[in-house]
Amino acid sequence: MKSRVICLMLACALVLVPGCTDIRNKVKIGSQDFTEQKILAEMMALLAEHHSIRVERVIPYGSNRKSLQAIQRGVIDAYPEYSGTLLALSRQQAPADTESAHASVRAVVEPLGLRWLEPFGFENGFTLAVRRDRAIRAGLSKISDLTGISRRLRVATDEGYLARPVDGLYALARRYGLEIGDVETFPVHDRDQIYDALADQKVDVAQVFDTDARLADYGIAVLEDDLKFFPPYQPAPLVREETLRMFPQLQEVWGELAMRIDTPTMRRLNRRVERAGEDYRDVARVYLEELGLLPAQEGEQMESHGVSLAVTALMDQGYLPIRAAEAIRSVMPARRLIVRKLPNPAEAVREGETRFCLAGAEDFYRFDEEGELELISDIEAVGVVGNRLAHVIALEDGPPSGEWRRIGVGPEGGSSWKLAQFVINALALSRELELVSVASLEQRRAMLDAGDIDAVAVMVEPGHAGLIQLLQTGDYRLADLAAFHRGSPALRYTFLRPAKIPAGTYPGQEQALDTVSAQVVLAARLPAETNPIGESGPAYVPGVFSRLPQRLSFDTARRLAAALGTAEAVDPALPASPGLAPETPPARSRIAFWPASVLLNAFAIGFLVFMVVLFFRKLPSEPALTRGDPPP
């Protein structure tokens, strides 16, 4: 009996030991839940695997507090962490110089059984930012200047920063003597909303990072930390001592990344993920290949494995593409999103080059051979993203609008080119005005300065960062388009709507300006003929069918519209997916009155009642004899 028990125990041990060995022979790498952390953690994982170390990824794992607790308990073995964060969580005062800060960090973590290795090379600290136009008007250049704002500050921040007791928002307010009013908090992994709130003037101040991908795209001004409140925030691999004893080569492996990433590079890598729609794993791998730390691999055709969104280069500087990209990612999480900047996004969708595009209402129309407006019915709206306004920029000392002869617009067939065509035709000015098609806004600005054109026309959302930056570079003014309203282009072109640019939207703009607006939608291809295969795609059979995506399913269109979160419905002047139609209860069918049918039904019901009565009628126990019955 004892021998059987011993054999059973040995068998169990043989089964369990490989499992235990398998766990101990892996390095569990985690990260916090935002883009930069995921890129750095993936680089650590790729380098470890390249040196034959097995890795288990937990990317992302959680907040900085959660990650720090997990690494102390052995739940994860390593993750990237910042020097300032570790010092803040340890309640220690951070030294001003970098070397002393590094020594302090190591002194803090080593008693916890942890090692903070050599930093990656860049710094990503917290900072505060305001809209650049407001900074110019109010003379804001440093955080101390915020004390001069009369009202309590409205602040946008992420949830993680709000909760930090040492270097968080309220600690900052106490140090600078700021009065904090309403605070808008957003998830750490969705910091785009912080920039949207600042661009839309819903808040006065935003908490941002030095390496944020969108830091230069929103026409915002970063305020100087003049009281030196924030400590240095340099990231480096934080790893367990026990893990380094098991894998001593890790220190040298991850040391290959020491001081190899500067702040502009990290901002560029973040941008590739957050703005260009690339996968953070691909971005990490490609950069390691650029450094020569990984062998170069044959690039895959990302388009065949993902879904693409086409936008214009000027539109990419606004916040509408961000809203559209986030909606696509939430509805299609398994698909890699590629954002492409093209001169004419709507044409790219029509030709099947991209799956989606951001299209203005004007992109759905064109002039026919007789000069009449016609609807182009080969794309359809699958969700409302927002609205764009017509902006016309001229020199302060340039000719008045009545004397304009040449107007600079975007590429032929693009939004500003089409809009100018529509308005010129509506006002019967086609013989007086010449449209000059120029590729970039910067080229149009140069031509305006040189006097080669009299004005620049663009179609962008109000408060567009590119326009804010342009208006700050010279003596420019925004033109009032009240004359367009008198010509009533909206009566002829129903997709154009009279609008105003609110006062104070741009530097030096003291009054509201008349203009016209057009809705911006997320658009997909609408095939000319019904595809017998169905509503999903893309369909591609080499040598037989062309590579053209089929119509977006109605359910997907409905979910995309909901993910965009826009209260407006699609403009009735535009073709919309049937999936966006409101759900209505089915109509009650009316019963036709036919006399013959009524009589027949009445007879059938009467017969049925008669049979039921007969069935349930009680029979006598001894039936009475009738005449002719035989005697018993």
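The entries follow in the order in which I looked things up.

**Ground rules.** I am working with a predicted model, in which local features need pLDDT of at least 70, side-chain atom pairs count only at pLDDT 80 or more, and totals for chains, interfaces and linings use all residues. Residues are numbered from 1 along each chain as its sequence is written, and side-chain values use heavy atoms, with hydrogens and water left out.

**Salt bridges.** I searched the whole structure and found 23 salt bridges (a side-chain nitrogen of Lys or Arg within 4 Å of a carboxyl oxygen of Asp or Glu). For cover I use buried for under 20% relative accessible area, exposed for over 50%, and partly exposed in between (1.4 Å probe, protein chains only). Helices (H or I, at least four residues) and strands (E, at least two) are DSSP runs, numbered from the N terminus.

I looked up Arg106 and found it bridged to Glu118, with the closest N and O atoms 3.3 Å apart. This pair links distant parts of the chain, 12 residues apart: Arg106 is in helix α5, and Glu118 is in the loop between β4 and β5. Arg106 is partly exposed at 23% relative accessibility, and Glu118 is partly exposed at 46%.

Next I took Arg285 and Asp282, whose side chains meet at 3.6 Å, N to O. Both are in helix α13, and because they are 3 residues apart there, about one helical turn separates them. Arg285 is partly exposed at 21%, whereas Asp282 is buried at 16%.

I then checked Glu362 and Arg388, which form a salt bridge at 3.0 Å, N to O. Glu362 is in the loop between β13 and β14, and Arg388 is in strand β16, 26 residues apart. Both residues are buried. I also noted that salt bridges with shared partners join Glu42, Glu49 and Arg57 into one network.

**Strand β6.** I counted 5 of the 6 residues of β6 (residues 153–158) as buried, so the strand is largely enclosed by the rest of the structure. Pairing of strands requires at least two DSSP bridges between them. β6 runs parallel to β7, with 5 bridges, and Thr157 has Thr185 as its bridge partner in β7. β6 also runs parallel to β8, with 2 bridges; there Ala156 is partnered by Ala206.

**Met611.** I located Met611 in helix α23 (residues 595–616) and found it partly exposed, with a relative accessible area of 40%.
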